[in-house]
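I opened this notebook to record what I looked up in one protein model. The entries follow the order in which I consulted the coordinates.

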Amino acid sequence: MMTPNGPSRSAGGMSKTAVAFLFLFIGLVVGFFAGIGATKAGAAFLEDLASSEAPADLVHTQRYVRPGFSFKYPGNWRVEADPPDNDPDHHVNVESPGSCMTMIFVLDVPTDPADNVQAQIDGFVPRLLSAPARTPFTTWGKYAGQGMLLKGKLLGVSAGSVRVFSHANDKRSFIAVEQCYDDDMTHVKPGLELVESSFSFSP
């Protein structure tokens, strides 16, 4: 899984404590997967997850709508946004039938996209990816910002990638994190692209 380590600064509607709490939860998720990945049984578990994908259903798409943002997702994917672990207005996981996903974090303050991406990288490397290849990019959907594609073996088990992006305007910001195994990308990529292309972020 993924771990945003936190935006570079907070102001206005979200306190430093609130930001820290949000990213502490994600850090715990990373710790759990790193722990199971360290054992043979855990590695087999992760491989089973990676093998249970189905083609993204783009015929019966669904839409997730909140006051500050919205996006479409495949009909056979699900959104995990319920409290207490997630906040439907600020943190949602868009999950494929197997183990791939997009995580979206919306912050009610402007934060530095480059610092946000670096914080993500610091959380992933080396805990999730030991020595990934890195490719920068500057757009996600219709938004400009800072991004980094990390490719390598997820938890040392199977080849995969983590793609991190952050955008900010003068009032708010968001972070998007995608994770997928390479073997599943043929089935999953159209779904990831649907979330990305349809994502709309209100000023």
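**Entry 1: burial and basis.** I looked up burial and found that 51% of the 203 residues in the protein are buried (under 20% relative accessible area, with exposed over 50% and partly exposed in between; 1.4 Å probe, protein chains only). I note that the model is predicted, that local features need pLDDT of at least 70 and side-chain atom pairs pLDDT 80 or more, and that totals for chains, interfaces and linings use all residues. Residues are numbered from 1 along each chain as its sequence is written, and side-chain values use heavy atoms, with hydrogens and water left out.

**Entry 2: elements and contacts.** I listed 4 helices and 10 strands (DSSP runs, numbered from the N terminus: helices are H or I of at least four residues, strands E of at least two). From the N terminus on, I read the order as α-α-β-β-β-β-β-α-β-β-β-β-α-β. For contacts (heavy atoms within 4.5 Å), I noted that, of those with a separation of 6 or more, 57% are between residues 24 or more positions apart.

**Entry 3: the open sheet.** I traced an open sheet of 3 strands in the order β1-β2-β10, with antiparallel pairing (two strands pair if DSSP finds at least two bridges between them). Because β1 (62-66) and β10 each have a single partner strand, they stand at the edges, and one side of each is left without a neighbour in the sheet. I found α4 packed on the sheet, touching β2 and β10, with its direction at about 155° to that of β2 (axes are lines fitted to C-alpha atoms, for helices over the stretch in contact, and angles run from 0 to 180 degrees between N-to-C directions). I counted 5 bridges between β1 and β2, and these two strands form a hairpin with 2 residues between them. β2 and β10 pair over 2 bridges. In β2, 4 of the 5 residues are buried.

**Entry 4: F69.** Which residues does F69 face across the sheet? I found F69 opposite F201 in β10, and F69 is also the bridge partner of R66. Leaving aside its neighbours within four places in sequence, F69 contacts Y64, P88, D89, H90, V92, V106, F199, S200, F201 and S202.

**Entry 5: aromatic pairs.** I counted 16 aromatic pairs (rings of Phe, Tyr and Trp, the latter by its six-membered ring, with centres within 6.5 Å; planes under 30 degrees apart are stacked, over 60 edge-to-face, the rest tilted). F69 and F199 form a tilted pair, 6.1 Å centre to centre with 35° between the planes. This pair links distant parts of the chain: F69 lies in β2 (residues 69-73) and F199 in the loop between α4 (185-198) and β10 (200-201), 130 residues apart. F69 is buried at 3% relative accessible area, and F199 is buried at 1%. I also noted one aromatic cluster whose members include F69, F137, W140 and F199. R163 lies over the face of F137, at 4.5 Å from the ring centre (the criterion being NZ of Lys or CZ of Arg within 6 Å of the centre and within 35 degrees of the ring normal).

**Entry 6: cores.** I looked up the largest nonpolar core and found 24 residues, with F69, F71, F174 and F199 having the most contacts inside it (a core is a set of buried Ala, Val, Leu, Ile, Met, Phe, Trp, Tyr and Cys residues joined through side-chain atoms within 4.5 Å). The elements giving two or more residues to this core are β2, β4 (91-95), β5 (101-107), β6 (133-140), β9 (173-181) and α4. Apart from this core lies another, of 19 residues, among them M148, L154, V177 and Y181.
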